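Please read it alongside the sequence and the model.

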Amino acid sequence: MKNLTYLLVAIILLALPVNQGCNLLDEKSESSVVESYHQSVVDVTLSLDDFIQKAQVYESSNYDELDATQSLKVINDFITSGEKLIADVNQMQKSKTKSASTGFKSMADSPCSIYDLAPGDGSGMSPAFMKGIADLIAETKGERSKIEAKYNNNEITDDQYAAALKQLAKMKTVKAANFGFSAILGTGASGLTGAAISSIGGIGAVMSAPAIITVVGVGAVVGTGYYLISNWYYGIQKNSQTDDQMYVFTAKGKIGDPIPTTLLKNGANLTIAIDGYAPVYIPSFQLPAAGNKKSIELKSIALKDAAPGTKIEVCTKEEAYVAEGCSEILYVSGSPSPADPGPGQGVTVMATLFPAVAGCNVSFSIVGTDGFSGSASHQSNSNGQASFYIPGGAAGVYDIVTITASNGMKHTVTYTF
């Protein structure tokens with residue numbers, strides 16, 4: 001399993017009312033159903049963000065340096081956050097079936113289309129995807145409970161208890177379960193955070209070209225909160241067969257910030273919820289070309305006026321985005337090569353600035369769970385890229401590589417040998 005951590009910088013979202021609802025229920029129950037679905041989108045965004053961060057602590061902790069209490073807290077935090085995510089996804093699925101129309105519909109009238117506020121049946125989270133997480137959490141929780149029971153019954157000593165917890169943590173890490181995670185931790189003015197998770201393998205295989213999306217419109221105030229969930233399937237070749245794995249990406253932030261597309265998949269499904277407005281579901285969203293900005297204009301309605309059958313118009317516009325200098329860099333992304341290094345195999349981390357600007361200082365720093373550390377600075381080339389080489393580590397060593405652009409934008413890449 002590889003953990004790749006990316007900086008997510010911004011998104012701009014505004015809204016304008018359009019009332020095209022269905023009179024299936026009375027006005028009060030219609031709006032409360034939509035509000036319930038809106039809240040479930042928010043809850044999934046927040047719980048997935050928390051789960052990814054707890055999972056990364058679970059995997060990257062050096063348990064040989066933690067006592068039993070500290071190890072137990074890391075394990076418990078991982079279990080609790082995973083259970084919360086599972087419960088929130090289940091609630092979103094229930095809310096979706098109540099608020100969605102018989103099937104999602106869109107008009108291919110480029111640049112504008114009409115979309116449902118919620119996905120129809122078959123377009124939400126994969127049951128197999130969530131089962132994989134549930135099984136991992138249940139197995140970890142079961143083993144932890146067995147260890148605690150032995151300790152509480154005086155069947156093992158304090159030292160044996162601490163050793164058993166450390167062994168559990170090492171054996172039940174995300175890598176052992178073959179899950180791939182990626183967390184996006186924003187820096188700077190936006191303070192945006194988010195997370196992504198794949199059902200198997202690494203995130204790196206689905207990285208898109210550097211570009212940005214901005215969602216704009218008329219009606220919502222700059223600074224209003226937004227929540228975004230994107231999901232898609234990605235074919236993984238295994239033993240001459242293609243295994244379609246589900247990926248989920250979430251982000252949260254404030255209107256007025258752009259969002260980079262490096263962790264989004266072209267053709268993925270988007271659900272966008274803005275505080276106070278009905279959510280919108282956009283299937284098969286097309287990402288902008290490398291170096292471009294794609295504006296998404298949402299003409300949504302207030303939550304209190306929305307009904308389950310409400311349709312929302314979305315218009316798009318794409319244009320090139322150019323920066324005048326290093327101070328205008330919007331975000332930096334990065335990826336390791338190879339994406340899944342084996343024990344002792346060296347890794348080259350490639351940083352990419354957006355927009356691509358040459359001659360900008362790019363700093364790298366590495367800290368490994370084996371105690372290895374190092375740093376270097378390089379100038380970006382004409383493609384806005386710079387690279388950093390890290391020697392291989394022993395099996396199970398977890399590296400954290402922090403990339404910092406000259407204007408302070410940060411991005412973190414993590415991987416396990």
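Strand E1 (residues 112-116) is largely enclosed by the rest of the structure, because 4 of its 5 residues are buried. Buried means under 20% relative accessible area, exposed over 50%, and partly exposed in between (1.4 Å probe, protein chains only). Strands (E, at least two residues) are DSSP runs, numbered from the N terminus.

E1 runs antiparallel to strand E11 (residues 311-320), and 5 bridges join them. Ser113 has Val314 of E11 as its bridge partner. Two strands pair if DSSP finds at least two bridges between them.

## Basis of the model

This is a predicted model: local features need pLDDT of at least 70, side-chain atom pairs count only at pLDDT 80 or more, and totals for chains, interfaces and linings use all residues. Residues are numbered from 1 along each chain as its sequence is written, and side-chain values use heavy atoms, with hydrogens and water left out.

Thr310 sits in the loop between strand E10 (292-299) and E11. Thr310 counts as buried because its relative accessibility is 0%. A polar atom of the Thr310 side chain lies 2.8 Å from the backbone oxygen of Ala307.

## An open sheet

An open sheet is formed by 3 strands in the order E12-E13-E16, with antiparallel pairing. Strand E12 (331-337) and strand E16 (385-390) are the edge strands, and each pairs on one side only.

E12 and strand E13 (residues 347-354) run antiparallel, joined by 7 bridges. Val332 has Leu353 of E13 as its bridge partner.

Technical notes
Polar contact = N/O pair within 3.5 Å; in protein donor to acceptor, adjacent residues only side chain to side chain.
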